[in-house]
Number of protein chains: 2
Amino acid sequence: MNQQDGDEKMSIREIAQKAGVSVSTVSRALNGYSDVSMETRKRVMEVAREFNYFPNAIARGLVLRKTHMIGLFFGDRINSGFDDPMYQEVISAIRIEAGKSGRDLLIFANSNKELSTYTSLSKERGVDGVFLILNREEKLKKDQIRELEKSGIPCVSINFQLQGDRCTYVESNNYQGTKDAVTHLIRLGHKRIAFIGGDIYGKAGVDRLNGYKDALLEAGLAYDERLVEFCYFTNKGARDAAIKLQERADNITGIFVASDRMAVIVIDTLRERGLFVPSDISVVGFDDIAVAERSNPALTTVRQQRYEMGRLATEFLNRMIDDPDCRPEPTTLQCELVIRNSTASIRV
Amino acid sequence: MNQQDGDEKMSIREIAQKAGVSVSTVSRALNGYSDVSMETRKRVMEVAREFNYFPNAIARGLVLRKTHMIGLFFGDRINSGFDDPMYQEVISAIRIEAGKSGRDLLIFANSNKELSTYTSLSKERGVDGVFLILNREEKLKKDQIRELEKSGIPCVSINFQLQGDRCTYVESNNYQGTKDAVTHLIRLGHKRIAFIGGDIYGKAGVDRLNGYKDALLEAGLAYDERLVEFCYFTNKGARDAAIKLQERADNITGIFVASDRMAVIVIDTLRERGLFVPSDISVVGFDDIAVAERSNPALTTVRQQRYEMGRLATEFLNRMIDDPDCRPEPTTLQCELVIRNSTASIRV
DNA sequence: TTGTAGGCGTTATCAT
DNA sequence: ATGATAACGCCTACAA
């Protein structure tokens, strides 16, 4: 009705009409097929531009079975996804890298679908592939994960294991990172070193515990169960763990904590109880998020390559999407120990 | 081909067949229409569950013209979206609240579409509404924003103005927040107070500058242009601004900085130049992100209601999507001055 | 209460 | 080089 602007509904049909060609010719011209005359193509492109026409991605997705959308599953509010500074940067990298290859991101958010699974949700939305960024969910939703592994949907996870023909994962070297951290404490003269882990159910958790054990072993230090606590990456968990540890085992002089967020809470808790870091106790964290550098004392921690994790994960997913037979090897990224002021030589 | 599991393609047709009814009956049964017998409905639902059937959202979107997806436009890498801790929490809130009303989030990421606009991208994907979380883009992409305002697409922006029948926005009270911060400095005895703004082009920037000016005015202090600097919320910008200010105007004893991230850099820069906070200079930031509390000295700052911004924005967008005639009033949320250790009484 | 048929906007196949 | 036409999976008149 409106002859001024190319607004409102503009379908391929109107473009065809305005350009005086058939619908299929428009499609071919716009999609860069070769079997269309220069002249026609030019005219079609002009009309399309003039009326500000872009093909409807929904209709296209229906027939092509490809949406150029990548799905993103997060864990719960506290532990991952948008709310964890560590994963935020991974996601940010994913967004940028996925964008470079012409894809958008679909964040699965709908919480009214109790019966749905990762697989059914992915199929409903028709995403070309998915990222899994979870934490405790890997234990809680084991069945869903198995289903997804077998679904044939290209899938990459961060910091936990996924196995299947069309799955792979990118992780940090949690073993080495933890071992380096604990060895650092040992070199500073610490012998009673505690371990506060996030969880013990996934590969990452196990790797970290093993890194801790092996560091002790190599230094000829005995492994003592009473020095080990787990909590689900929550503030309260960290606090309780610190207290429990301190009540259960005295003369602890060093603590490895599985995340910077928890490490900071541990330091607060110790301080409340009259123990100062690093003069009384040394603390080393994990992740190297922004607060680590700024907190007081500045945190000694294990840096994960956040951007690279996201970049590589995206590269892997892209490859799997583009080639059905490709299954990139799971990859482990090195961590780097960043020494700041929360660790010090043991007092003599 | 596979008679064991309900995997692979399951369309409404197969369900209809298995249930011994027509396609339309399945559709009606699953969508809770009343004109279908209890018996039939039950059978259909059973078959659907058994074969793990969920209607394809793409096909559905095509015919219904509703995707239950909400689009999200971010600014560039540095300033907003996933990379700014302040906006991350807003986005997190959006995700949760949108999820409650049964919608998923589409993050526009594709960077190979130079010719596209917010409007064309939104129409292509068929999102039901969009959020705009920008910063400097509001200046750079003015035309696109105008187009979007007129497009009829429900749209809510955060911390900047949007006008149109189907647009609204949620902002912080940037004027009052800034005024409170500067007044706080004045009460501490400061008279030479500088202002480092993020930008001056949007309403938020202007409001903050006005808050600064009015605080001075009410205290009978003169406004001095040489005490005002702008930078685009970048680390380098903050650093340069601090240096410029210090070289241009001596005896500054207080600085208002438009974001915590910049405030922290300003403090670093001053320290490098032999000026200590708060003993030599008081600094107050904006946002109250996580580092503010932990940084050294802990930052006095203006807290924005991040979760509430996201929640309210989502509520507004939901309303506009559900009711074409609804246009929620733009809303301004109060800020709270959080006093910590980066501000102190002026030395006598 | 149920089935039939048309259409949502696009691409792909097959003619021409 | 171009044009009909049949999908893609679903919903919704309309008819029965």
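Q: How many residues does helix α10 of chain B have, and how far does α10(B) reach?
A: Helices (H or I, at least four residues) and strands (E, at least two) are DSSP runs, numbered from the N terminus. Helix α10 of chain B covers residues 203-218, which is 16 residues. From first C-alpha to last, α10(B) reaches 22 Å, close to the 22 Å expected at 1.5 Å a residue. The expected span is 1.5 Å times one less than the number of residues. This is a predicted model: local features need pLDDT of at least 70, side-chain atom pairs count only at pLDDT 80 or more, and totals for chains, interfaces and linings use all residues. Residues are numbered from 1 along each chain as its sequence is written, chains are lettered from A and ligands numbered from 1 in the order written, and side-chain values use heavy atoms, leaving out hydrogens and water.

Q: Which residues of α10(B) are buried?
A: Buried means under 20% relative accessible area, exposed over 50%, partly exposed in between (1.4 Å probe, protein chains only). In α10(B) the buried residues include B:A204, B:L209, B:Y212 and B:L216.

Q: What covers the buried residues of α10(B)?
A: Among the covering elements of chain B are β5 (167-172), α9 (174-187) and β6 (193-197). Strands β7 (228-230) and β9 (282-287) also take part.

Q: Is B:H184 buried or exposed?
A: B:H184 sits in helix α9 of chain B. B:H184 is buried, with a relative accessible area of 11%. Contact means heavy atoms within 4.5 Å. Leaving aside residues up to four places away in sequence, B:H184 touches B:T300, B:L337, B:I339 and B:T343.

Q: At what angle do the axes of α1(B) and α3(B) cross?
A: Axes are lines fitted to C-alpha atoms, for helices over the stretch in contact, and angles run from 0 to 180 degrees between N-to-C directions. Helix α1 (residues 12-19) and helix α3 (residues 38-50) of chain B have axes that come within 9 Å and cross at roughly 125 degrees. That makes α1(B) oblique to α3(B). Under 35 degrees counts as roughly parallel, over 145 as roughly antiparallel, 65 to 115 as roughly perpendicular, and the rest as oblique.

Q: Which residues of α1(B) meet α3(B)?
A: B:I15, B:K18 and B:A19 do, against B:R43, B:V44, B:V47 and B:A48.

Q: How do α1(B) and α2(B) cross?
A: Helix α2 of chain B spans residues 23-30, and its axis and that of α1(B) cross at roughly 100 degrees. The two helices α1(B) and α2(B) are therefore roughly perpendicular.
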